[in-house]
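Please read this briefing alongside the sequence and the model.

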Amino acid sequence: MVLTSVGKMAGLQKKASGIRNICILAHVDHGKTTLADCLISSNGIISSRLAGKLRYLDSREDEQIRGITMKSSAISLHFVKGDQEYLINLIDSPGHVDFSSEVSTAVRLCDGCIIVVDAVEGVCPQTQAVLRQAWLENIRPVLVINKIDRLIVELKLTPQEAYLHLKNILEQINAVTGTLFTSKVLEERAEKETESETLSDASPGDQIYDWSTGLEDTDDSHLYFSPEHGNVVFASAIDGWGFGIEHFAKLYSQKIGIKPAVLMKTLWGDYYLNTKAKKIMKGDQSKGKKPLFVQLVLDNIWSLYEAVMKRDKEKIEKIVTSLGLRIGARESRHADPKVHLNAICSQWLPISDAVLSMVCNKIPSPLDITAERVEKLMCVGARTFDSLPPETQELKSAFMKCSSEETAPVIVFVSKMFPVDAKALPQNKPRPLTQEEIAHRRELAKRRHAEKLAASQGKELSEKTPSENSPEVTGNAGDTKGEEQQLPGEGDSVTSKAVKQEADKEHFIAFARVFSGVVKRGQKIFVLGPKYDPAESLHKLSSQCSATDDLPAVPHMACCTLENLYLLMGRELEDLEEVPAGNVLGIGGLQDFVLKSATLSTSPACPPFTPLNFEATPIVRVAVEPKHPSDMPQLVRGMKLLNQADPCVQVLIQETGEHVLVTAGEVHLQRCLDDLKERFAKVQISVSAPIIPFRETITRPPKVDMVNEEIGKQQKVAVIHQTKEDQTKIPEGIQVDSDGLVTINTPNKQATLSVRAMPLPEEVTRLLEENSDLIRTMEQLNTSLNEDKKTHEINQKTLDRIKEFKQKLEKSLQGRKWRNAVDQIWSFGPRKCGPNILLHNFGGYKRSVWQCLGNSVKEVGKYRDFDNSIVSGFQLATLSGPMCEEPLMGVCFSVEKWEISKAGDTLSNSRQDSGELDATEHQQNEDNTLASSCTDEGPSANEHQDRNQSGTESPEKMSKHKGELLLADCYGPFSGQLIATMKEACRYALQAKPQRLMAAMYTCEIMATAEVLGRVYAVLSKREGRVLQEEMKEGTDVFIIKAVLPVAESFGFADEIRKRTSGLASPQLVFSHWEIIASDPFWVPTTEEEYLHFGEKADSENQARKYMNAVRKRKGLYVEEKIVEHAEKQRTLSRNK
Ligand SMILES: Nc1nc2c(ncn2[C@@H]2O[C@H](COP(=O)(O)OP(=O)(O)OP(=O)(O)O)[C@@H](O)[C@H]2O)c(=O)[nH]1
Ligand SMILES: [Mg+2]
């Protein structure tokens, strides 16, 4: 096979119908890179003997050492099928969860993907994840079932068993697709129903849409994998073979005289061949008939493997001649039978042909991009396509046409920035010299030689000759930088230094795809950031303006020049002059304009593309610092570069001044640190132990003590009192009643707050977490409503989602305690969108987060002054809790009184209130007590409401009266005092309840054989892991164990498991949820039984306390620990010797 030239590739790029942009996706180690190797070798880029061993696309050293892919990389391949020529832009992606963000960057640029599944392991967690990602991006998948050789060699299945096994895998995968599909259809249907409702509301009788048509006929057959549809290939990448059933259908149609179309339908499935009648019959295995697939396909492969493995020379000879293959003597005599096998199989059933023709047949060309996908790409967040400006909507047709005409607007999406060495850039690469250049050089050398000779002979040369020469030499220097590096003596020392400096600099190349138009080198183009809004900028600019014009500054938009365009060829880059629509390419010169991803366009009407869907949550944080403090600037610069180079890493500076890296997992962390040390910062760094996040929460008081004895009523009180005395050490002036209601005054005694903390039900916390985006949107809407801005048209879909969210909350917050709670929600926190709630549970207040639903839009007047201070105090309190300054989670603070009064009144009032509260053990009276300060009490709910409204006026007026008085105060501004007081109140309220730490949990799925199962369990239990499920994979002796494990215990877990099981099991950890640690960090024995059981000091390990103290130590907080336990027993120095 000859190498395809760059010119040829550039030619192929112009024909969009022959382009296929694909990526390879799979679970880790299912053989993506090996498959890519096989496809690359078909283009002669690597030798077919090395295919599978080289892993060409794993170009990093650590990728080769660890044997896993860590980044996505692209290569362009040429493929000829019949008289059609294709250009295949292939992207290999990593399978390890830590790098799943790299998968997102790859999927965005493609129209289709090859899903690879290991025939032994079947569908794994990442297989499901990548299927989902492909689905979210609307790209078409095809399937390769890889490693079939393992069924023969390792599992020693018979062909019949293997057939059943494969059928099973196919069913599993289709089940995953099925779930995705049905959920989508249901969602669409619901959406269209609401749409039709609103339409019919708006214009009754105007138009009648029948939305249900089309949905029933939705053809989903192309979504499922089935060999008869030609979207499944069975393969063994390592042995170089693969086939789709059409190969055998064609082959056997001649042999047994049955039409290929019939064979295509029957070759996979429970059909058998009636040899006498030469007919294919539908039959089942109970008759003892072999399915066609076993008889015609698998049997042959099995017998070939058997023959080669047993070195049955005669049989091999027979097979080889009957297949008409020619095997070299070197392969057939090789000591390793695998080499022989590879030589036969890769000729008989070449995997690259099977896979690439499936890709060309089944995956759409860039011209066939669907309208649905385009709209999805163009609409960011909650926006709908119809709400985009008309100029922007017009661009949809440009996407759909994918035209490469000069007039078409250029639209490019950059999905990531990747660093390359300057040496790898084509302009710096040494290239072979042309004939003329060689001749020219020879001429120069001769002349120089002559000069030297002349000089040595003392003959003077005329001044003219050298001056004629010099411009030629320097003229050449520009073209042949690479040669100068090789021959430093020849070049001028200044330029070589410049080249060296150039080589030191990191070059970033944008990994991109052209969706419309032709990009040219040197073209000027707009760079649109993710927050760019075409509607806003089109007011300022005309839609016809171009990046070359002199334009006013527009937010989130910049102009830049495309300096270089590259063809991506794995480890190499090739220069290109222009790239037409539909191609994947690399762009140089965007380093200063694009951080991680961006949209480029010549039209200012172009919207930014929707952000990439990242599956992984970055959770592992470490603090880094240079070994030598003077290296700090390099480190900062390096971290900036690292941030640009990795789609998922977060780089931040904490309030403490520490530089922190947040990564997706241990492997990702290691890679980032290596990159930082060796590539970007090039300084020695020291790395802190991983900073593990915790959350703080409260629970209900326990019913049993630590030795499972029931706590009686009296004991309960005793426990509460004791804990209160112990931990909270409440200063004077703060009253805490037995029910946990905290009453506190501002320092100037002008305002009184009563706050109670309550644990939220678990499902509410989960609901809040899941809907944090929605809560943020609500917050924005409320703010713009308050400011009376009309910029944000509230989208019907968003409103529906908010309503649904509210209903769900109401459903989960049932019971007396939570009466009216949903309507009283004042704010969420921390950062106004977290999983904690602030309620206003006192009369006469109408502030609500549901304002955007339109219930009380115009009641702005009902806010009190200083409303914001209370909310801010709450935000601060939820951001860092009292245990170890970690954020709170699942806590509800209810403000039950908020009074602003004169100094004298405050005291008497609060005394009166607390007295009342003591008397009212039952929470039923809560509301009344709170309102008591306003007016007298009324029993019915209606009256209660009225009273609330009338009650508002008095405090409001009061506060206005005192406005001036309060503001000038020796304790500082009143709003500030309120914030601090609110924060304190929340903290004390929290401490009055049993506090708990929450730990982040990973889930992991471990595959292990029966022999190592015990050891896996041992490691899991040592690290506080919990097994959720254990099942045996059908047809194998592999167990699948699902477990959860605290993040805090996870460091080194994968390594330990791998070591203990001799590499047989390797888990992948995925962040799943937060879980309360059952033990009380402040626990000390109180009952007699507990004393007996735990001893007086209870020094057996308390997990929660250990975590809490570790965090406190790290943050430099006070840790209550005895350093010297037995002072009298201190050993003397002399004895110690
Ligand atoms: N027996 C067998 N082994 C295979 C086959 N294909 C790949 N392997 C082996 O599986 C291992 C993983 O292969 P890779 O190609 O690196 O897997 P990958 O999917 O790229 O892995 P990541 O990129 O880390 O997700 C290697 O040791 C390969 O030799 C196959 O068809 N049969
Ligand atoms: Mg790989």
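Which backbone atom does the side chain of S601 reach at 3.0 Å? The side chain of S601 reaches the backbone nitrogen of S603 at that distance, and the surroundings of S601 are taken up again below. This is a predicted model, in which local features need pLDDT of at least 70 and side-chain atom pairs count only at pLDDT 80 or more, while totals for chains, interfaces and linings use all residues. Residues are numbered from 1 along each chain as its sequence is written, chains are lettered from A and ligands numbered from 1 in the order in which they are written, and side-chain values use heavy atoms, with hydrogens and water left out.

**Ligand 1**

- Ligand 1 is surrounded by 19 residues, the closest being K32, T33, T34, T69 and D149, where a residue is near a molecule if one of its heavy atoms lies within 4 Å of it.
- Of the residues in this shell, four are nonpolar, nine polar and six charged, with Ala, Val, Leu, Ile, Met, Phe, Trp, Tyr, Cys and Pro counted as nonpolar, Asp, Glu, Lys and Arg as charged, and the others, Gly among them, as polar.
- Helix 2 (32–41) and helix 6 (148–153) each supply at least two residues of the shell, and helix 2 gives the largest share, three residues; helices (H or I, at least four residues) and strands (E, at least two) are DSSP runs numbered from the N terminus.
- A polar side-chain atom of D149 lies 2.8 Å from a nitrogen atom of ligand 1, whereas oxygen atoms of the ligand lie 3.0 Å from a polar backbone atom of G31 and 2.9 Å from a backbone N or O atom of A237.
- The protein buries 84% of the 650 Å² that ligand 1 exposes when taken alone, with areas from the Shrake-Rupley method and a 1.4 Å probe.

**Magnesium ion (ligand 2)**

- The protein donors of the magnesium ion are T33 (OG1) and T69 (OG1), at 1.8 to 1.9 Å from it; donors are N, O and S atoms within 2.8 Å of the metal (3.2 Å for Na, K and Ca), and because water is not among the atoms, sites may look incomplete.
- T33 lies in helix 2 and T69 in the loop between helix 3 (61–66) and strand 2 (73–81), so the pair ties together parts that are 36 residues apart in sequence.
- T33 counts as buried because its relative accessibility is 7%, and T69 is likewise buried at 8%; buried means under 20% relative accessible area, exposed over 50%, and partly exposed in between (1.4 Å probe, protein chains only).

**Side-chain to backbone contacts**

- S601, in strand 19 (residues 598–601), is buried with a relative accessible area of 0%, and a polar atom of its side chain lies 2.9 Å from the backbone oxygen of V410.
- N174, in helix 7 (residues 159–202), is buried at 16%, and a polar atom of its side chain lies 2.8 Å from the backbone nitrogen of F225.
- These are polar contacts, meaning pairs of N or O atoms within 3.5 Å; within protein, one must be able to donate a hydrogen and the other to accept it, and residues adjacent in sequence count only if both atoms are side-chain atoms.

**Backbone geometry**

- Most residues other than glycine have a negative phi, and most peptide bonds are trans.
- The peptide bond from G829 to P830 is cis, with omega near -5°, and P830 sits in the loop between strand 28 (825–829) and strand 29 (836–840).
- K832, found in the loop between strand 28 and strand 29, has a positive phi near 65° and is partly exposed, with a relative accessible area of 31%.
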